[in-house]
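The sequence and structure come first, and the description follows.

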Amino acid sequence: MTIPDSDYILEIKQLSKKYRQKTVVDNLSFKVKSGQTLGLLGPNGAGKTTTIRMLMGLTRPSSGSATIFGLDLKTQAKQIHSKIGVVFERPNLFENLSGYENLAVFCRLYDQPLSLIKPLLERMELWERAHEPVKVYSKGMRQRILILRALVHRPRLLFLDEPCSGLDPVSSRIIRDYLLELKKAGVTILLTSHDMEEVDELCDLIGFINNGKLIVLSDKNALKTKYGSYSIKVVYQTDNKLVEEVLAPTPENFLRLSDLYAKQQVVSIRSMEASLSDIFRKLSALN
Ligand code: ATP
């Protein structure tokens, strides 16, 4: 079934960016449908952040075009800004203001009631510390404030550049759960990340960029079927120790497994789904 163009809230056509003579984003074209979560992956320096910066209107494309909510990036950037939320890796909070006050500034900016701040802070498990200055917050707490700040005007499209990079597991979990809630509520998300587990959990579409070029844009499960292969993890007993091996599903390995079974050496066996990390490695080798 083809999707009508009006269902795409982000559409990029042949977008490129050159710094001096170097092309860092090369003829990128893709569309994102309302409610989808797109994970933009790629090695360091692939051009992911530059792409988001162009979509935010922070860097001017060298060529190409983009529409967001049907609005033209070149001529209607202001209207676009009021409809999107963005979180960059580098935090830029008001350090001497409290978490509450940081959000209050943005509520006033976007003409939103201050009453929405408390539930937001509670949701991110920050209410207890809401009135302390941000300068005493941990990295994870700051990141949670940054995400809430991007959401006070209830955007339907969120750009997140490495939202959980370098955070402890507790902060990452709180943020990911909140992003899953937003996704359920129909918010469209474009995120970059080097954490394949995070991408697997949050994204339904995967775009892979290398050297500024889009190598693949695909439904996550289709990508796993196309580029991944499942493997078999087996633990078996030898004379004096337990051995753990991860085997590719080849005819030779199946013969080996039947042999181990016949000799009653198998302790446990389970099949493992193709991981996005393996697929990332495979795609990085393409060019
Ligand atoms: P990472 O995963 O490390 O964050 P990335 O995919 O986000 O990488 P970008 O930050 O978009 O990559 O950078 C793409 C390329 O553009 C890099 O080679 C980078 O050095 C270059 N680049 C980015 N900004 C500038 C700039 N202002 N001037 C010159 N080159 C730049």
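Helices (H or I, at least four residues) and strands (E, at least two) are DSSP runs, numbered from the N terminus. The model is predicted: local features need pLDDT of at least 70, side-chain atom pairs count only at pLDDT 80 or more, and totals for chains, interfaces and linings use all residues. Residues are numbered from 1 along each chain as its sequence is written, and side-chain values use heavy atoms, with hydrogens and water left out.

**Overall fold**

The chain has 10 helices and 13 strands. Its C-alpha trace spans about 70 × 45 × 40 Å along the principal axes. Of the 287 residues, 46% are buried, where buried means under 20% relative accessible area, exposed over 50% and partly exposed in between (1.4 Å probe, protein chains only). The chain exposes about 15,100 Å², and carbon and sulfur atoms supply 50% of that area. Accessible areas come from the Shrake-Rupley method with a 1.4 Å probe; for residues, only the protein chains shown count as cover. Among contacts (heavy atoms within 4.5 Å) with a separation of 6 or more, 68% are between residues 24 or more positions apart.

**Strand pairing**

Two strands pair if DSSP finds at least two bridges between them.

| Strand | Partner | Bridges |
|---|---|---|
| Strand 1 (residues 8–19) | Strand 2 | 8 bridges |
| Strand 1 | Strand 4 (residues 63–68) | 5 bridges |
| Strand 11 (residues 231–237) | Strand 12 (residues 242–247) | 6 bridges |

Ile12 stands opposite Phe30 in strand 2, and Ser16 has Ser63 in strand 4 as its bridge partner. The hairpin of strand 1 and strand 2 has 2 residues between the strands, and Arg20 there takes a positive phi near 50°. The hairpin from strand 11 to strand 12 passes through 4 residues; in this pair Val234 stands opposite Glu245 of strand 12.

**Ligand site**

The ligand is surrounded by 13 residues, and the closest are Gly45, Lys48, Thr49, Thr50 and His194. By type, the shell holds 4 nonpolar, 6 polar and 3 charged residues. Here Ala, Val, Leu, Ile, Met, Phe, Trp, Tyr, Cys and Pro count as nonpolar, Asp, Glu, Lys and Arg as charged, and the others, Gly among them, as polar. Strand 2 (22–33) and helix 1 (48–55) each supply at least two residues of the shell, and helix 1 gives the largest share, 3 residues.

Pairs of N or O atoms within 3.5 Å are polar contacts; within protein, one must be able to donate a hydrogen and the other to accept it, and residues adjacent in sequence count only if both atoms are side-chain atoms. An N or O atom in the Asn44 side chain lies 2.9 Å from a ligand oxygen. For Gly45, a backbone N or O atom is 2.8 Å from an oxygen atom of the ligand. The side chain of Lys48 also places an N or O atom 2.8 Å from a ligand oxygen. Taken alone the ligand exposes 640 Å², of which the protein buries 61%.

Helix 1 is largely enclosed by the rest of the structure, because 6 of its 8 residues are buried. These are Lys48, Thr50, Thr51, Ile52, Met54 and Leu55. Just after helix 1, Gly57 takes a positive phi of about 80°.

Thr192 is found in strand 8 (residues 188–192). Thr192 counts as buried because its relative accessibility is 0%. Leaving aside residues up to four places away in sequence, Thr192 touches Leu40, Lys48, Ile52, Leu160, Asp161, Glu162 and Pro163.

Note on methods
A residue is near a molecule or strand if one of its heavy atoms lies within 4 Å of it.
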